[in-house]
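Me: I would like to learn how to read a model of this kind. Please take me through it feature by feature.

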Amino acid sequence: TVEITEANVNPTEERMSPKDFDLLKVLGKGGYGKVFQCRKRTGADAGKIFAMKVLRKASIVRNQKDVSHTKAERNILESVMHPFIVQLNYAFQTGGKLYLVLEYLNGGELFTHLENEGIFMEDCSTFYLAEIILALEHLHSLGIIYRDLKPENILLDQEGHVKLTDFGLSKEHIQDNTRTLTFCGTIEYMAPEIILRLGHGKAADWWSLGALLYDMTTGAPPFHGGNRKATIELILRGKLTFPQYMTTDMKDILRRLLKKKPQDRLGAPPDDAKAIKKHPFFKHINWEDVMNKRIEPPYKPCVSSEDDVSQFDPKFTRQTPVDSPVDSF
Ligand SMILES: O=C(Nc1cccc(C(F)(F)F)c1)C1CCN(c2ncnc3[nH]cnc23)CC1
């Protein structure tokens with residue numbers, strides 16, 4: 001059973017319900033639920049735009065792991081406040097569904113910008129990596145492992161700063177409704193110990209950071225085969241190769257982040273992010289400036305207004321937003 005009590009779901013006093021929101025656009029859809037752009041109709045922030053994640057309880061409880069992931073997602077988002085992590089504003093439920101009302105980010109996915117650019121220049125990758133490292137450092141300080149670091153889980157805000165989203169149930173877990181949830185969707189950024197199900201610690205996030213940096217710099221993740229099995233083979237036993245144009249610092253930090261054994265990896269306990277922030281690859285970075293958003297973002301998403309959805313996939317945004325009535329019998 002999904003014992004989610006009203007008390008620990010709704011962080012605010014206001015009793016909220018779906019009718020307090022007008023659905024505007026569909027931002028994403030998967031097996032367990034949908035994400036809508038919506039506008040709040042009532043209360044202090046009436047008129048404000050949010051992203052609303054709607055999860056169907058029935059489809060979650062089928063798999064115990066997802067129940068814990070879902071609860072983890074809500075608990076994480078409720079307890080985490082950080083400039084580079086998406087903010088949870090409201091959480092509530094109806095008989096059959098869970099609702100997470102999150103800050104709306106109209107800059108779109110980092111993935112989209114990486115696709116458009118092909119590859120990022122080093123200073124651009126350094127900017128995104130620095131903000132992501134501070135977000136991961138904060139999560140790790142709370143004992144939280146992100147697990148799902150990959151370009152599509154990294155959104156940009158209106159100014160072009162990073163925001164980590166989609167905790168717990170990532171869209172891949174949702175769409176691929178199989179039992180082996182860990183092996184669904186993009187595994188290219190997954191650390192060997194996760195693939196081998198040896199359990200994973202914080203070091204798994206630093207592997208994914210390395211895979212992300214490699215992808216930003218070369219246009220593809222470090223280990224990717226023609227199919228899932230080949231990719232897994234390469235992640236576990238493949239040799240890392242670098243293109244000619246890669247600088248020495250970049251090659252060095254990638255070698256250290258993409259160590260197959262978590263205990264050998266840069267950022268392994270007890271140092272965690274400290275060891276990474278000290279690496280020469282970040283010699284020009286002032287970490288205080290990064291935290292205070294004093295570094296100019298490399299791309300400013302061209303969005304016209306707060307409710308702009310132009311950065312999202314039209315295959316979703318062109319759909320009429322309907323919160324399917326699972327509750328009304
Ligand atoms: O499609 C998505 N997620 C997704 C896809 C399929 C299924 C499900 C689930 F079943 F879990 F609901 C979720 C993305 C989530 C992050 N997105 C956000 N976009 C804008 N503001 C945001 N603020 C917070 N997140 C965003 C873009 C869409």
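Me: What should I know before reading any values?

Reply: This is a predicted model, in which local features need pLDDT of at least 70 and side-chain atom pairs count only at pLDDT 80 or more, while totals for chains, interfaces and linings use all residues. Residues are numbered from 1 along each chain as its sequence is written, and side-chain values use heavy atoms, with hydrogens and water left out.

Me: How many helices and strands does the chain have?

Reply: Helices (H or I, at least four residues) and strands (E, at least two) are DSSP runs, numbered from the N terminus. Here the chain has 13 helices and seven strands.

Me: Which residues come nearest to the ligand?

Reply: A residue is near a molecule if one of its heavy atoms lies within 4 Å of it. There are 21 residues around the ligand, and Gly28, Gly33, Lys53, Glu103 and Leu105 come nearest. A backbone N or O atom of Glu103 is 2.8 Å from a ligand nitrogen; for Leu105 the corresponding distance, again from a backbone N or O atom to a ligand nitrogen, is 3.0 Å. On its own the ligand has 570 Å² of accessible area (Shrake-Rupley method, 1.4 Å probe), and the protein covers 98% of this. Elements giving two or more residues to the shell are β1 (21-29), β2 (33-40), β3 (49-56), β5 (97-103) and α6 (171-175).

Me: Where does Pro192 lie, and which residues is Pro192 in contact with?

Reply: Contact means heavy atoms within 4.5 Å. Pro192 belongs to helix α7 (residues 192-195) and is buried, its relative accessible area being 4%. Apart from neighbours within four places in sequence, Pro192 is in contact with Trp207, Ile235, Leu236, Lys260 and Arg265. Leu236 is 44 residues from Pro192 in sequence, yet their C-alpha atoms are 5.5 Å apart.

Methods:
Polar contact = N/O pair within 3.5 Å; in protein donor to acceptor, adjacent residues only side chain to side chain. Buried < 20%, exposed > 50% of the residue type's maximum accessible area, 1.4 Å probe, protein only.
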